[in-house]
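My plan was to look things up one at a time and write down what I found.

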Amino acid sequence: MNLSDTIIAPATAVGEGGIAVVRISGPRALDSLKKYFRPTTHNIKFSSQRLYHGTLVDQDEQHIDEIMAVYMSAPHTYTCDDVVEIHCHGSQQVVKSILNLYFDYGLRLADAGEFTYRAFANGRLDLSQAEAVARLIHAKTDSSRKLALSQVEGQLSRCIDDFTERLRKIQILVEAWIDFPEEELPREDLEHIERTVSSVIEEINTLIDTFNSGKVLADGASILLVGRPNAGKSSLLNKLLGEERAIVTDIPGTTRDLLEEGITLAGVPVRLVDTAGLRQSDDPVEMEGVKRAIDKIGHADLVLLLIDGSKEVDDQDIYSYRSCETAPTFVVETKSDLEKIADLSFVTHPLYSISIKTGEGLDELKEAIGEYLLGDYIAANESVMLSEQRHYDSLVSTLKNLQNVLIALCEGQSLEFIAFDIRDSLQYLGQISGETTTDSVLSGIFSQFCIGK
Amino acid sequence: MSSYGKKYDVIVVGAGHAGCEAALATARMGCLTLLLTMGLDTVAQMSCNPSIGGLAKGHLVSEIDALGGEMGLNIDATGIQFRRLNTKKGPAVRAGRAQADRMAYSARMKSIVEKEPLLDLKQGMVVDLLSEADRITGVRIREGLKFESRTVVLTTGTFMRGLIHVGLNNYSGGRAGEPSSEGLSESLRRLGLNVGRLKTGTPARLSSRSIDYSKLESQPGDAVPKPFSFMTDKITCEQVNCYISYTNEETHQIIRDNLDKSALFSGNIEGIGPRYCPSIEDKVVRFPDRNSHQTFIEPEGRMSSEMYPSGMSTSLPPDVQLKYFRTMIGLEKVELMRPGYAIEYDFVEPTQLKMTLETRNVNGLYHAGQINGTSGYEEAAAQGLLAGINAALRCKEKGELIVGRDQGYIGVMIDDLVTQSTTEPYRMFTSRSEYRLLLREDNADQRFTELGRSIGLVEDDRWELYQEKQEQVAKGERFLRENMITSANKELVEKFGLGQLKSGLDLESLLRRPEMTIEKIAAEHADLQTLSPAALEQLEIAIKYSGYIERQLEMVERSKEYEKIKIPEDIDYADVDSLSTEVREYLDKVRPVNLAHAGRIQGVTPAAVAILNVYLRKKYHAKNSAR
């Protein structure tokens, strides 16, 4: 790990809180700030540990966000390097723009745990703390791989492996031609290089576009509130929103039956989706709403099935329960302040009892939801954006190298330059999916070509 | 056991390509050296292909030369066909290759060794290594005589427990017609070293007068042969042709029909052979779709009628060899002078070495060449030179010489050897280097001459020539940077096709244009014409490829961070918590010298490197604060 360059990363969880903090550490920290920060008070000299107000602009002096910035000079900082923190609005888009701005400026996205790692390397942490970090780094690698898998339903990993495989084959060809100039290697194979590189470029471009849409990032976990009318869904929704609301967005375009609200629950960005009561009906409009709700159940990360504990369980409750049976579901018995009448012995899912009125059981429920979601999100919480940016970064660098390959081919450059760019692009892909070693290339040559001096 | 009496600084065992370089280096560095060989008539013998150089191997020769080694000079003096490979390609993959007059090559090297004042060349078969505690003290030869020394360089080639296979017959031998060396590998085992087994092979030698050259395509050398050595002005040796013939379906059928008689395919051979140099039966079996394989028929010398058919190594019986050769065009009436054979030999796993090529177990014991699992004369010579230099530095207590991966192919090779486990004989390829664009033949002098000077191997004449060239290059750079073509110079603007030149164009930028060459520019500027062709070439490459070169330099810089973090020799990996047992074993086997080195070991994960880093820094900090 390089310890002397300047690194950047969001210091707060993505999508959480009204304010986000982006942290920069390293020798170029102050210069990075000065480059794009336009303080409200002109001609200031930055003193350490003071907060400055102003705007952050991009390369074309276009306004990115109104921010507060603080510069802390080495060595009295977390990492013992110069540190700058940028406090911006807590929108993913803003944070993304700031990161991209500084990537272009030449800063490097911090690896998971790297700030802590630097703190250690500079002597601020002791061995046991640092070893924990080292283990974390390892864990993070695994979890970010997992994340990559889940992000695009495993597509990304497969894509990268596919790119790697195709480029590796080309590399084998090129290296064989370079290292065995006197052997009779199939000449038509060389033409294959340009075609392959062009098609990989095209596919990487498509992939990059899907990253840019930010769709994957915007999605938090979705929690669906299900239950017959008056089971207490809206009350629970309002209760959760009232206490936990950080950013609330009304998503337009949903039907009158589906209401989505974004909150943060136990540090996890969550979209709460209220549904129309689930019941069988003859009314085609109502049945349409029910159909939509049932569709949603299949896609939700967690379903909260609410059942009124103060009433007998009826057909509608059973219907709702059946609809959720195969989905990850918590059954929530409401109105626990009233006399318990409902017999919930048929429930096999986790069961929680709450009262909106007294607040009883709410904390336990929230904790359980958090724990359930955190299973998948604990790593993602800090790195969902990082790992994605890393992939984006790696792919952009890969692309640049592959375009160099095409240019070099076009100019009729000698093969070792082409090999250089292919090797470099494979190295960037390798940051996502593991590396291609020279030995595997040589093995490829020996297995494909008849080489012998 | 009687002692010879004389106390040597260095004893080199084996006078092949590694041994000669090692012994010359130590003697030239002022160490009293003994070079022991089993046969005084086979010094610097080319056991297989009588050629030096080729891609990556030629690079090694130029590095050996710049460090003050002998190989480049020796082939320049005895080469009978020089060809530059890849002249149309970029500078990093241009390489020299030369066919040697095998006997002349050997004879010249022997005379150079014999003339070296501090070097004794003697015949004798070493059967045992002498040591006290963990330090080498000398060797014992078969006759019972003891030679004492402070260091020993072992360059045993294919001789240790050599076993020659011809068809289903096998017999002990280090090379056809020569005995094997018994006892030495047992002695190494006793010293605690792991010994393994490898295999290689060589083709039959054909009688020149039985070949119908009129049917063969001939391949001449370059009209103006380019020398390997910085110190050679001109190749004066008479040049000869090589010839090309092909196998055909009939050849392949004979081979297929007789596979059961091949030592390789009948399971008689336990050693692992090189994939890049497969035997002809291997090729026929593994690539059944190929109905023909090319072979270069190369003369072994001007005084010899033995011809070497490349790519035809084999372990089939001699009668089968004769039968299939005679199916080939031009070889219908061929006579074999020596049959081809396969040979198995002992090597010592090179992961037991330090980067200086000294064994970790035994102080003062160095290994170079095929004993380290490599193949090739150039690979052997480069290791011999490095081992010799380090043995001499040790004797003089002047530290050690470690070549980095970014400095030269020598560095790449030694790093690979001590880091990766050997699964086949190791040969140099340019693809083994991640910094290929930096490691070129043309700049080997810049990469190594100063180093060679600092250890005392570069003599005054070479040093002066080198400095002169460097001055010329600097002068040329200045001239190109400071001189412009302006629109006022209509004639030149037109000649160079510069069209509408708004402001002036400096010559450096002009040279960067793809269609521009240094010759074209020099033709118009008298100042540049005073520079030597070598300086002009250097100038052109450095400027034209500066973009790529800078990118490579950045890559080097990035890798340097971990390179700087040294791992103490006495580190106890059991003491590093959180490492998996597996990783701990890998690290313990290789004993890397720094973190970058550790990261290159197969099976050592980035996480493990991070943990190690943490451990080292902690330990370092603790040490510092204790003082």
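This is a predicted model: local features need pLDDT of at least 70, side-chain atom pairs count only at pLDDT 80 or more; totals for chains, interfaces and linings use all residues.

In which strand of chain A is A:Glu85 found? I found A:Glu85 in strand E6 (residues 83–89) of chain A. Strands (E, at least two residues) and helices (H or I, at least four) are DSSP runs, numbered from the N terminus.

Residues are numbered from 1 along each chain as its sequence is written, and chains are lettered from A and ligands numbered from 1 in the order in which they are written.

**Entry: the annotated site.** I checked the UniProt record, an unreviewed entry. Its "binding site" annotation covers A:Arg23, A:Glu85, A:Arg124 and A:Lys453. UniProt positions are given in the numbering used here, feature names are shortened, and annotations may be inferred rather than shown by experiment.

I looked at A:Glu85 again. Is A:Glu85 buried or exposed? A:Glu85 counts as buried because it has 21 C-beta neighbours inside 10 Å. The cut-offs are 20 or more other C-beta atoms within 10 Å for buried, 12 or fewer for exposed, and partly exposed in between, with C-beta atoms placed from the backbone.

Then I turned to A:Arg23. A:Arg23 sits in strand E2 (residues 19–25) of chain A. A:Arg23 is buried too, because 20 other C-beta atoms lie within 10 Å. Leaving out residues up to four places away in sequence, A:Arg23 touches A:Ala9, A:Ala11, A:Val83, A:Glu85 and A:Phe115. Contact means that the C-beta atoms, placed from the backbone, lie within 7 Å. With the same exclusion, the contacts of A:Glu85 include A:Val21, A:Arg23 and A:Ala69.

**Entry: strands around E2(A).** I counted bridges next. How many bridges join E2(A) to E6(A)? Seven bridges join them, and the two strands run antiparallel. Two strands pair if DSSP finds at least two bridges between them. A:Ala20 has A:Cys88 as its bridge partner in E6(A). Strand E1 (residues 7–10) of chain A is joined to E2(A) by four bridges, also antiparallel. There, A:Ala9 has A:Arg23 as its bridge partner. E2(A) is mostly covered, with five of its seven residues buried.

**Entry: chain A as a whole.** I noted 13 helices and 13 strands in chain A. Of its 453 residues, 40% are buried.

**Entry: nonpolar cores.** A nonpolar core is a set of buried Ala, Val, Leu, Ile, Met, Phe, Trp, Tyr and Cys residues joined through C-beta atoms within 7 Å. The largest has 164 residues, of which A:Val174, B:Ile11, B:Val153 and B:Leu386 touch the most other members. Helix H9 (residues 377–395) of chain B gives the most to this core, with 12 residues. Apart from it lies another core, of 25 residues, among them A:Ala9 and A:Val22.

**Entry: chain B.** B:Arg290 lies in the loop between helix H7 (280–286) and strand E16 (294–299) of chain B. B:Arg290 is partly exposed, because 13 other C-beta atoms lie within 10 Å. B:Arg290 and B:Glu249 are 41 residues apart in sequence, yet 9.0 Å apart in space, C-alpha to C-alpha.

Note on methods. Two residues are in contact if their C-beta atoms, placed from the backbone, lie within 7 Å.
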